[in-house]
Amino acid sequence: LNMTRKQAMEMYLETIREAIECGIKPRCHFEDITRADFYGFVVPFAHQLRKLMNDSGVPIKIRACDTLGLGVPYVGVALPRSVSGIMYGLTHYAEFPSELLEWHGHNDFYKAVANSSVAWLYGASAVNCSLLGIGERTGNCPLEAMVFEYASLRGTTDGMETAVITEIAEYFQKEMDYNIPPMTPFVGSHFNMTQAGIHADGLLKDIEIYTIFDTEKVLDRSAEVVINSNSGLAGVAHWINFQLGLK
């Protein structure tokens with residue numbers, strides 16, 4: 001921008017002031033926050049937003065964006081890559097309330113779900129998701145994954161109809177001709193399918209032995225087995241029962 005940081009900040013603040021004058025509640029995207037000078041620029045900038053919010057009486061949201069998926073969920077990681085450090089800094093040092101903070105993470109290092117969960121735990125009231133994790137490069141945080149994360153953290157689905165996830169996946173495949181990799185958790189064709197005979201034997205004895213949860217109850221999808229050279233009698237029996245709807 002050929003500007004100093006102070007000039008860049010003032011340019012952004014002026015834009016926000018104009019938005020507030022037009023009756024807009026601003027939502028500021030802190031892009032590339034996992035590569036930014038957190039205490040040298042991010043926190044001072046957030047302080048100015050906080051002051052502007054107090055003066056105007058208009059709530060201003062901050063969307064912390066891990067634009068290149070560089071965020072790390074582990075405790076003790078140095079800023080700016082520490083997701084917990086970012087959220088802690090925004091809540092404690094920039095004094096932003098949780099209801100005005102959200103996290104936007106990409107999946108370049110397979111950390112989109114973990115980072116989103118950590119952002120929740122350390123102060124973000126919302127995380128950005130996309131259905132099936134669709135997004136540029138390696139994608140965004142899958143909405144269906146965060147449904148299960150929410151249930152795991154809170155111990156309740158709070159009325160969410162989780163079986164709709166299966167309907168969404170079917171819609172994407174049939175109506176949009178979207179190819180879902182078979183091993184994708186919750187929505188892939190193989191996510192609750194076993195190819196080992198000993199696992200099929202376990203399913204026959206007690207479905208909880210080799211099912212991660214009651215997939216039929218939660219996602220309207222029964223546990224399945226594949227018939228191959230490793231199936232054995234148990235695998236064949238389970239496949240016949242499944243195909244014919246037998247117990």
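A disulfide here is a pair of cysteine sulfur atoms within 2.5 Å, and keep in mind that this is a predicted model.

Close-up 1. Cys28 counts as buried because its relative accessibility is 2%, and Cys65 counts as buried at 0%.

**Close-up 2. Here's the largest nonpolar core, 35 residues in all.** Phe30, Leu49, Leu90 and Phe96 have the most contacts inside this core. Helices H1 (5-21), H2 (38-56), H3 (83-93) and H4 (112-121) each give it two or more residues, and so do strands S1 (27-30), S2 (61-66) and S3 (101-105). H2 hands over the largest share, eight residues.

**Close-up 3. Zooming in on Leu49 and what it touches.** Skipping neighbours within four places in sequence, Leu49 is in contact with Leu13, Ile16, Cys28, Phe30, Ile60, Ile62 and Phe96.

**Close-up 4. A second, separate core has eleven residues.** Among them are Phe148, Phe172, Phe191 and Leu219.

**Close-up 5. Helix H6 (residues 164-174) has four buried residues to look at: Ile165, Thr166, Ala169 and Phe172.** They cover an arc of only 125° around the axis, so they end up on the same side of H6. Over on the other side, Glu167 and Lys174 are exposed. The cover over the buried residues of H6 includes helix H5 (143-154) and helix H8 (215-219).

Terms used
Residues numbered from 1 in each chain as written. Predicted model: local features only at pLDDT ≥ 70, side-chain atom pairs only at ≥ 80, totals over all residues. Heavy atoms only, no water. Buried < 20%, exposed > 50% of the residue type's maximum accessible area, 1.4 Å probe, protein only. Arc of directions from axis to C-beta. Contact = heavy atoms within 4.5 Å. Core = buried A, V, L, I, M, F, W, Y, C linked by side-chain atoms within 4.5 Å.
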